[in-house]
Amino acid sequence: MPIDRISIAESSGVAGLANLQLPPLPEALRTRLAECRTLPSLPAAAARVIAIARSSDPCLADYARTIEQDPALTLRLLSMANSASYSRGGNAVSTCLDGVSRIGLDATLAIALSFGLPRPGAGTVLDHEYLCQRAIIAASATQELAQHLCPQEASQLFTTALLQDIGILAFEALDGDAYASHIPELRQHHRLSEAEHERYGCDHALVGAWLAASWGVPAPIALGIIDSHGQLADGDARKLCLRLSCRIADCWLAADSASAFSALLRQLASVASLDIVMLMTVMQELQHRLPSLARLFEITCPPAIDSTHLLAEAKELLFEQNLRMTIRLAEQQRELEALHASHVVLDEQHRTDHLTQLANRPWLEKRLAQHFDCARQTRQPLSVMFIDLDHFKRINDRFGHRFGDEVLIHFAAALNNMVRESDIAGRYGGEEFLVIMPNTRRQHAGILADRIREYLATQPLAQADGKPLHVTASIGIADLEDGEFDDAAALVDAADHAMYRVKHGGRDGVGHYEESDPSA
Ligand SMILES: Nc1nc2c(ncn2[C@@H]2O[C@H](COP(=O)(O)OP(=O)(O)OP(=O)(O)O)[C@@H](O)[C@H]2O)c(=O)[nH]1
């Protein structure tokens, strides 16, 4: 809806008020409301209290002096200050100044504005007692809810909820019987807006905001009145408190309040920021406060609700909620485990050579870098072994690439069986393998190299043309103590270099890196 600027000062005659942004009223309705002489109004003292509230530096004494001039306002202020909610067992107050300082500025403003509430009496078309009860229940409910969800807003929300239906009084003043006969029964509040929109082009929430603005109420209160209708949803705690408080009031005053509350509780199960225990606390507090509020506003106290029924319903809902939560938790746990399992598989694939299932080159390099740094820092030994199968090209050429693959797979499995648990054997590339041997000096690395050669000499890696196929290997070893190695790659280069010396020396042997080697 587009936002229009309504000059409150202009419509209310209260000087010095800032412009307030409200959605526009339909033109025809606006003209009629401006001309209506019977709209709800406030006593002069109440209007002055609002003016003080809007001043830049309101003080308690100003409030007290203004209220003192109006006996009805004074009486209501002192009753509120001496009510159980505010006195908390303290002495009774008897002056306006003490009353204002006890209940605070927000509650004093609420008292002043309460004079604009519907008053039961002759000549009214609508059930004002019902409207007033609804306003008081909603105001207390929103204040209690706010104590849990947005405590700093509690007082202002009380006033907002108190005034949320003054638009209905404006429509009544404007159209009397015609309004009453057009709208559904007042107790079906959720259907009122629709009927009002149909007849006037807007509902009582907007008209109420307009009227409150014309009294000069602070902007958040006027804007809050517009918010009072709408969906219950998480997010804006202010709106949630206001909207829920109207529904609580409707349930409270319903013919079968227990069933109405049960339906509301079920509806609320999907609003995450409300838990049922908190709601039950709010309801209990409300039950406790309503009699004194009814006395204060001089209306018949709303009936007490059937809390036994409500508690039973709440317990059942709690049980259902817990059950749903347990099921959801179990589902999430399963999803997490599946995710973990697929992560493990991916991780495994990420580090494994797909042909031989040994560590692949990137993983070998990563682990060697870690071992290299660690060995340097802790001054522990570290050796690497470079293994290159001899004349592998001949095997491929003679028996085919797939046969060559089988040979590589066989050798990899054998190598993996021969290394220690703490060693890492991997495929460096093609027919080249690397073994990282933490905590191992060159002599012990040499023992493994001899074992590998012995295995290759005695165990054929395949059967070719019905005959065992033996393969030999050239092996180079480098020990961290063999030289000044800048990094892990330099250590691998050294082992590679030692291996090449074996190749050049006729293959099928083991060589150790020598820093003094002129070809190094
Ligand atoms: N079957 C198979 N062969 C591979 C694989 N990777 C590399 N090779 C082969 O390994 C052979 C390596 O050949 P060369 O680098 O000439 O070495 P070589 O024949 O082993 O000779 P020397 O190393 O000098 O003893 C090539 O024929 C490559 O095709 C593989 O994954 N599977």
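**First stop: a hairpin**

Select β4 and β5: these strands form a hairpin with 2 residues between them, and G430 in the turn has a positive phi of about 35 degrees. Strands here are DSSP runs of E with at least two residues, helices are runs of H or I with at least four, and both are numbered from the N terminus. Before going on, know that this is a predicted model: local features need pLDDT of at least 70, side-chain atom pairs count only at pLDDT 80 or more, and totals for chains, interfaces and linings use all residues. Residues are numbered from 1 along each chain as its sequence is written.

Now colour residues 424-429, which are β4: 5 bridges join this strand to β5, and the two run antiparallel. (Strands pair if DSSP finds at least two bridges between them.) Click A425 and look across to its bridge partner in β5, V435.

Find I387, and opposite it in β5 you'll see F433.

How many of the 7 residues of β5 (432-438) are buried? The count is 6, so the strand is mostly covered; buried means 20 or more other C-beta atoms, placed from the backbone, within 10 Å of a residue's own.

**Last stop: two helices**

Select α9 (154-163) and α14 (219-227). Their axes, lines fitted to C-alpha atoms over the stretch in contact, come within 9 Å and cross at roughly 50 degrees. Show Q156, T159, T160 and L163 of α9 with P220, I221, G224 and I225 of α14: they make the contact (C-beta atoms, placed from the backbone, within 7 Å).

Methods:
A residue is buried if 20 or more other C-beta atoms lie within 10 Å of its own, exposed if 12 or fewer, and partly exposed in between; C-beta atoms are placed from the backbone. Axes are lines fitted to C-alpha atoms, for helices over the stretch in contact, and angles run from 0 to 180 degrees between N-to-C directions. Two residues are in contact if their C-beta atoms, placed from the backbone, lie within 7 Å.
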